[in-house]
Amino acid sequence: MALCDSKYCFVWIDIGGFGKDSDSGIYKESSLYKKLTEKKLDLPDPRPITNNGDIRVPYVIVADEAFGMSENLMRPYGGKMLSYEKKVFNYRLTLARRYVECKFGIMCNKWRILHRPLDVKIDFAENLVKAICVLHNYVRIRDGFKYEYTLYTAPLANLNPSYTGRAVRDADVIRKKFANYFINEGKLEWQDNMI
């Protein structure tokens, strides 16, 4: 599991989870989850999302449907019969999520050993993947951005776990602020063609 920035570099990684474990289960056992829920991640203060500065939103991590939403972790709206606003939000969130999906494709194409199962002991495999992640960041910073590296498209899972609680209601208010921004001041001229 990994968190990356818009330059396709790793910001955080968690290596060692098994394929049979769910993404949300691995996440809830991770240092990222613990720091995020305990408010120890040292995120910047909420900032205005609009030019007039009326609407302030926190910095967020974008995730897929497998993750529980919180104030600093946004996931798409579930379901098929969505309003225009929700469809636009899901599309824009998917655009942001593609950075992490593309990063894995870039990394696998650069480090071809990842194109096949690693036939080594688990401890060595974990160290190998950690080393590849560090080298990946080094090469990304050294070589800069090349558009052709981003042409990998990974499948996006369509899971829909249920969730409840005050934290989710508070997070949904933040999600609605983003959704409203995406159809008003932050609208992209071509986004309606994509939903």
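Is Cys9 buried or exposed? At a relative accessibility of 7%, Cys9 counts as buried, where buried means under 20% relative accessible area, exposed over 50% and partly exposed in between, with a 1.4 Å probe and protein chains only. The model is predicted, so local features need pLDDT of at least 70 and side-chain atom pairs count only at pLDDT 80 or more, while totals for chains, interfaces and linings use all residues. Residues are numbered from 1 along each chain as its sequence is written, and side-chain values use heavy atoms, with hydrogens and water left out.

A disulfide is a covalent bond between the sulfur atoms of two cysteines; here the term is applied to a pair of cysteine sulfur atoms within 2.5 Å. By this rule the structure has zero disulfides. For Cys9, the closest cysteine sulfur belongs to Cys4 and lies 8.4 Å away, too far for a bond. Cys133 is likewise in no disulfide, as the nearest cysteine sulfur, that of Cys108, is 9.8 Å away. Cys133 is buried, with a relative accessible area of 6%.

Next come the aromatic rings. Rings of Phe, Tyr and Trp (its six-membered ring) pair if their centres lie within 6.5 Å; planes under 30 degrees apart count as stacked, over 60 as edge-to-face and the rest as tilted. Across the whole structure, a search finds nine aromatic pairs. One of them joins Tyr8 and Tyr99, a tilted pair with 5.1 Å from centre to centre and 40° between the planes. Tyr8 lies in the loop between strand S1 (2-4) and strand S2 (10-13), and Tyr99 in helix H3 (residues 84-110), so the pair ties together parts that are 91 residues apart in sequence. Helices (H or I, at least four residues) and strands (E, at least two) are DSSP runs, numbered from the N terminus. Tyr8 is buried at 7%, whereas Tyr99 is partly exposed at 33%.

Tyr77 and Phe89 form an edge-to-face pair, because their ring centres are 5.4 Å apart and their planes stand at 75°. Tyr77 sits in the loop between strand S6 (73-74) and H3, and Phe89 in helix H3, so this pair ties together parts twelve residues apart in sequence. Tyr77 is buried at 8% relative accessibility, and Phe89 is buried at 2%. Ring pairs also link Tyr77 and Phe89 with Phe178, Tyr181 and Phe182 into a cluster.

A charge sits over a ring if NZ of Lys or CZ of Arg is within 6 Å of the ring centre and within 35 degrees of the ring normal. Likewise, the charged end of Lys103 sits over the ring of Phe104, 3.3 Å from its centre.
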